[in-house]
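This report concerns the salt bridges, a surface patch and a helix pair of one protein model. Please view the structure before reading on.

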Amino acid sequence: MNNQTQNVKILNADPSALGLFGLAMVTIVASSQKLALTDGVSFVLPWAIFLGGFAQLFACFNDSKRQNVFGTTAFGAFGFFWLAVGTSWMIKNGVFGAALASSVDPKQLGFAYLGYLIFSIFMTVGAMETHKVLFIIFVLIDFLFVGLTLSSFEIATEFTHNLAAYSELLIALFSFYGSAAAVLNPHFGKVFLPVGKPFGIFKK
């Protein structure tokens, strides 16, 4: 009787296309409200929860299975960000009662945005060694959080609000492109949509 050990390797598809699509969808809808093209956040909420939140968390969990620390951290952090932002909007609009809505302090969100600005800055450094489209997305995310942080603290409110709004719109456009590249390049087995090589500064 022979005892043999078999190793079974389970391959998981790259989830970044779905994660970037989720980011693209929530930012294009949210930016429409910031740019005053639409009004209110009632119909922003479902996209924040399902595309900004769940789609990116799905990408996070699957990147974890692929031992991709950067992708796991990025998609996980921003997935939870959108769930938190969506919940904050619901509190502000009285979904959880008038008492919570009456005690909202926008500066608390400002500190949360500041924390995410710090996070996105060091993730931008990591994105430099992934590809240039992702690096551009993270630079725009940096500008988004600069705008959100300063506007929450009522610093140069009009300028910082517009900075956040246009940065968010550009995040959506570049994320759509990044998602398309992540789908079509492996699907066709060639560089159908170029994303740019890593900078090669910190990682050869």
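Is Phe111 buried or exposed?

**Basis of the model**

The model is predicted: local features need pLDDT of at least 70, side-chain atom pairs count only at pLDDT 80 or more, and totals for chains, interfaces and linings use all residues. Residues are numbered from 1 along each chain as its sequence is written, and side-chain values use heavy atoms, with hydrogens and water left out.

**Phe111 and helix H5**

Phe111 counts as exposed, because its relative accessibility is 54% (buried means under 20% relative accessible area, exposed over 50%, partly exposed in between, with a 1.4 Å probe and protein chains only). The residue belongs to helix H5, residues 106-127 (helices are DSSP runs of H or I, at least four residues, numbered from the N terminus).

H5 packs against helix H6 (residues 132-152) at an angle of about 160°, the axes being 8 Å apart (axes are lines fitted to C-alpha atoms over the stretch in contact, and angles run from 0 to 180 degrees between N-to-C directions). H5 and H6 are therefore roughly antiparallel (angles over 145 degrees).

**Salt bridges**

The model has 3 salt bridges (a side-chain nitrogen of Lys or Arg within 4 Å of a carboxyl oxygen of Asp or Glu). Lys34 and Glu168 form one, at 2.8 Å from N to O. Lys34 lies in helix H1 and Glu168 in helix H7 (residues 157-188), so this pair ties together parts 134 residues apart in sequence. Glu168 counts as buried because its relative accessibility is 1%.

Asp14, Asp63 and Arg66 are linked in a network of salt bridges. The closest N and O atoms of Asp14 and Arg66 are 3.8 Å apart, and Asp63 meets Arg66 at 3.4 Å, N to O.

Technical notes: Helices (H or I, at least four residues) and strands (E, at least two) are DSSP runs, numbered from the N terminus. Angles under 35 degrees count as roughly parallel, over 145 as roughly antiparallel, 65 to 115 as roughly perpendicular and the rest as oblique.
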